[in-house]
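Subject: Structure handover

Hello,

Here is the structure for your files.

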Amino acid sequence: MTVLKEMLEFSGIEEKRLKASWVSSAEAPELVHEFDTFIEELRNLGPSPLKSDYRRELA
Amino acid sequence: MDYRTVLTTCTYCGCGCNFFLEVLDGKAIGTIPCKTSPVNEGKLCIKGWNVHEFIHSEKRLKKPLLRKNGKLEEASWEEALNFTASRLKEIKEKNGSDSIGFLTSAKVTNEENYVLQKFARAAVNTNNVDHCARL
Amino acid sequence: MIDSIKDKVKVLLETGEIEGFLGLVRKNGHVAPHLFQKGEELDDMSLGDHKGSGDARYPLNKYLMNIAKAYPEATFGVLVRGCDDRGLQALYTWNQLNPKKVVAVGLACPQELADACECLQPYPADITAGERAEPGESKSVAAVDALVLSERFSYWMDEFVKCIKCYGCSNVCPMCFCNECSLKCDDLVKNGELPPEIPVFHHTRAMHMVGRCVDCGLCEEACPSGIPLRTLYKKVGSIMEEAFDFKAGYIRGQRSPLNKLDSVEGKE
């Protein structure tokens, strides 16, 4: 994960868009919390640069 | 133990990239692009990188095949040549020269391609000649 | 310089210590990889300098793998520069070559080549010819690091979009020996699209180069589109160094932390 995050940052993609969390299947409220906070973080970051297909943009 | 690198030119497109065929004990096992060639400077396209594969491919024909009763069956050279010659003659007389097309291959030598196009143009009298690298 | 290499190889062949020496030869006006088996062949030996220093380098350790697989009992010699030697050390740890069956004959790279390659160790462990040069300064990675995030994104995407998916980068890489390559798997990278899905294709390869890349630079030299692959892999290698204190092939016998299942933190 360390390497992947830094490589994404180097390539111009915010490393905050990638997240790895460990949640037990018995901890349902925690899982929902993880999703909610992550979705909020992503909303604040804005649309991903990978949203559009770069290849088509150039054509 | 015989390992050698044989300088050759790619058979596919007209670019003519140079590379070395990696030959181990008589079998071509790999392709090494030639770094000192002014044409490709050590770079190859995907076709060039895999050009060594067709040499020993299992898919290569060893005998002529003739379609009998809807199925491709092995035939002798005599049978195959006679069939081809007589049918081409028939079709040429009945439907005209341009109803026949010839498809050759980038995997054969320039000399063989010359013979086929000469046959198409001089013997069958048609310009319908093309080959796999154009497809 | 070349004479010291020729002399050493001659002795190795004559004493029978090696059955063949994998090096480079001048033939037909080109520089080609060659397996020297007799002393007479050594006259036409080349060190990989054609018009400039080191411009005709080949991944000899990769070809050695092919020969060694067919003749596992035989010992072979091989010409190595700094990067080739790192390649050999890494291949030993990945069990692709047997160190007891390889005799490396070392050639140190001149300063201009070390600078061009930005090589951190432009000399092998045992030097037969050449003098140790100073490590080259890393400018290419720093140049990209200096850009703003969005500029970095467009810089890399503009480069990746030139890719023609020739697989030259992995065909020439001495560390690419996987029988089933992820880049050829339809589920990971869709077949039949040119350019391939970016940045997926190149990022996948970069992640696979983590802990493997020895910075020989042949990938960038083999890319027909001139994509600065070496810069990306150098960055990935430096991340490995900072986080896990590991650089592929620099320390003999050191296995990549990604090659181990036992240690949790990735340290020895």
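Buried means under 20% relative accessible area, exposed means over 50%, and partly exposed lies in between (1.4 Å probe, protein chains only). The model is predicted, with local features needing pLDDT of at least 70 and side-chain atom pairs counting only at pLDDT 80 or more, while totals for chains, interfaces and linings use all residues. Residues are numbered from 1 along each chain as its sequence is written, chains are lettered from A and ligands numbered from 1 in the order in which they are written, and side-chain values use heavy atoms, without hydrogens and water.

Aromatic rings: Phe, Tyr and Trp (its six-membered ring) pair if their centres lie within 6.5 Å; planes under 30 degrees apart are stacked, over 60 edge-to-face, the rest tilted. There are 9 aromatic pairs over all chains. One of them is the tilted pair of F10(A) and W156(C), at 5.7 Å centre to centre and 50° between the planes. This pair crosses between chains, from helix α1 (residues 2-10) of chain A to helix α6 (residues 149-160) of chain C; helices here are DSSP runs (H or I, at least four residues), numbered from the N terminus. F10(A) is buried at 1% relative accessible area, and W156(C) is buried at 1%. Ring pairs also join F10(A), Y155(C), W156(C) and F160(C) into a cluster.

Cysteines: the whole structure has 0 disulfides, a disulfide being two cysteine sulfur atoms within 2.5 Å. For C83(C), the closest cysteine sulfur is in C216(C), 5.7 Å away and so too far for a bond. C83(C) is buried, at 9% relative accessibility.

Regards

Definitions and conventions: Helix = DSSP H or I, 4+ residues; strand = E, 2+ residues; numbered from the N terminus.
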